[in-house]
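I opened the model to look up a few things in turn.

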Amino acid sequence: MNKKYWQEEIETASREEITALQTERLQETVKRVYEKVDLYRKRMDAAGVRPEDIKTLDDLKRLPFTSKQDLRDTYPYGMFAVPLTDVVRLHASSGTTGKQIVVGYTKHDLEVWDNILARQFTAAGIGKEDFIHIAFGYGLFTGGFGVHGGAQKVGATVIPVSTGNTERQLTIMQDFGSTALCCTPSYAMYLAETATAEGVVDKLKLRTGIFGAEPWTEEMRRQIESMLHIKAYDVYGLTEVMGPGVAYECEAQNGMHVNEDHFIIEIIDPETGEPLPNGTPGEIVYTTLTKEAFPVIRYRTRDIGTITHEKCECGRTFVRMSKPRGRTDDMLIIRGVNVFPSQIETVLINLGYTPNYQIIVDRVNNLDTFEVKVELTDDNFEDSVTALARREKAITEAMRSLLGIGPKVTLVNPRSIERSEGKARRVIDKRHLHD
Ligand code: ADP
Ligand code: ZN
């Protein structure tokens, strides 16, 4: 029988206990970064805040924000708070949105990381008996090695396959008996499609999946669950803060518990920087509480989400964050209307399509054009031109009613949109080419 919690005492601590721990750790962290990291000291001096001014958690908002640009400007080691001799591992962001940044970990940082992922595996009912198939990329990307540490920690049998070679992945799953799959949701979808096409789903022993590193909708979760006959959990994280595991989903599958003994989450108005009340969507900001090598203070993630302090049926008391619906950078403004790719995904799956789509935005004669390429499946494939046109129109209308703006929809052949082994690239915005 697997454990219900990995570290029950802290995972179910009272709010008073969590607040006391966070306050103490925040004070230590602020003092440390003030002493060790030039950028933090200069920013705090400019804002007129001294480490001793941080008396309660409420004082957090007096501290300046840290941005991705700050991490780029201090590349490679300017934000490290320990001597490089104490750093035992480096990772780098995958560079989805620009120049990469590099982060470091001490031995203690890696222990913390292993434990928070062990919490995730335990919460998903994964333990010693499991064969954890890790198809996140191993390398500078935090996905592979991050999840690996936690998988080993819970005593499971780890299968470090990394990404790529989908056929081989499926063979290994069958031969080695993988019971839990870890990868991006788009790669899980691709594996599911391939397994279905080859008729091997029933030969798999998979029962659970831990997916993350990119936005995915509830609809996509249900699709992956039904195609692979598994329960799929969401895991959130980012290189700058730690990597995967900053927040983890429990059996309730209703938001991810933030590891509050190691991180503080805030939701702010991205325009004004003011903290927003619980439940209001805004930009997610993280402060680390125990990171030694690469602490961050009020790091603006650019992810958009909400938090709730409502009691969770799993018994964990950590605050929950919603599935982020995307980054502020992913949000497209098309003819003045805000569009998130996740909204398009919801409409498509509800209409019976797959999450294989591509959004193409351009500017012609000073007017934005908005096109969505949608893949047909073998089940809904149609030869008749009128039937296709009818389908395209129905999708356009469904999107118009949700978004207030209707794209030109083009249906394309099954399997013709490029699949991703890591993070899917669903948006092609050609507008900046004309600027
Ligand atoms: P990069 O910033 O180069 O893509 P990361 O691998 O650090 O490198 O990516 C972290 C980002 O991935 C997060 O800021 C968030 O936008 C996205 N992400 C990670 N996990 C999730 C998740 N479960 N749901 C939605 N988005 C996620
Ligand atoms: Zn829970």
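I first wrote down the cut-offs for accessibility: buried means under 20% relative accessible area, exposed means over 50%, and partly exposed is in between, with a 1.4 Å probe and protein chains only. I looked up His229 and found it exposed, because its relative accessible area is 52%.

I noted that this is a predicted model, in which local features need pLDDT of at least 70 and side-chain atom pairs count only at pLDDT 80 or more, while totals for chains, interfaces and linings use all residues. I also noted that residues are numbered from 1 along each chain as its sequence is written, that chains are lettered from A and ligands numbered from 1 in the order in which they are written, and that side-chain values use heavy atoms, with hydrogens and water left out.

Most residues other than glycine have a negative phi, and most peptide bonds are trans. I looked for departures from this. His229 is not a glycine, yet its phi is positive, about 55 degrees. I found His229 in the loop between α9 (218-228) and β7. For the element names, helices (H or I, at least four residues) and strands (E, at least two) are DSSP runs, numbered from the N terminus.

Asn366 also has a positive phi, about 65 degrees, and is not a glycine. Its place is the loop between β17 (357-364) and β18 (367-375). Asn366 is exposed, with a relative accessible area of 73%.

I then checked Tyr75 and Pro76, and a cis peptide bond joins them, with omega about 0 degrees. Pro76 sits in the loop between α4 (68-73) and β1 (89-92).

**Strands**

Strands of a sheet pair through backbone hydrogen bonds, either parallel or antiparallel. I used the rule that two strands pair if DSSP finds at least two bridges between them. I traced an open sheet of 9 strands in the order β4-β3-β5-β6-β7-β8-β9-β14-β13, with mixed pairing. Its edge strands are β4 (157-159) and β13 (307-308), each of which pairs on one side only.

At β4 I looked up the partner: strand β3 (residues 131-134) pairs with β4 in the parallel sense over 3 bridges. His133 stands opposite Ile159 in β4.

Which strand pairs with β11 (residues 282-288) in the antiparallel sense? I found β12, over 4 bridges. Tyr286 stands opposite Tyr299 in β12. Strand β12 (residues 299-305) has 5 of its 7 residues buried, so it is largely enclosed by the rest of the structure.

I also picked out Asp234, which lies in strand β7 (residues 231-238). Is Asp234 buried or exposed? Asp234 is buried, at a relative accessible area of 3%.

**Salt bridges**

Side chains of opposite charge can pair when their charged atoms come close. I counted a salt bridge where a side-chain nitrogen of Lys or Arg is within 4 Å of a carboxyl oxygen of Asp or Glu. The structure holds 25 salt bridges.

I looked up Glu251, which forms a salt bridge with Lys4, the closest N and O atoms being 3.4 Å apart. This pair links distant parts of the chain: Glu251 is in the loop between β8 (243-249) and β9 (256-258), and Lys4 is in the segment before α1, 247 residues apart. Glu251 is partly exposed at 31% relative accessibility, and Lys4 is partly exposed at 42%.

Next I took Glu193 and Arg419, whose side chains meet in a salt bridge (2.9 Å, N to O). Glu193 lies in helix α8 (residues 185-197) and Arg419 in the loop between β19 (408-412) and β20 (427-429), so the pair ties together parts that are 226 residues apart in sequence. Glu193 counts as buried at 16% relative accessibility, and Arg419 counts as buried at 16%.

The last pair I looked up was Arg363 and Asp368, whose side chains meet in a salt bridge (3.0 Å, N to O). Arg363 is partly exposed at 32%, while Asp368 is buried at 8%. Salt bridges that share partners join Arg363, Asp368, Asp429 and Arg431 into one network.
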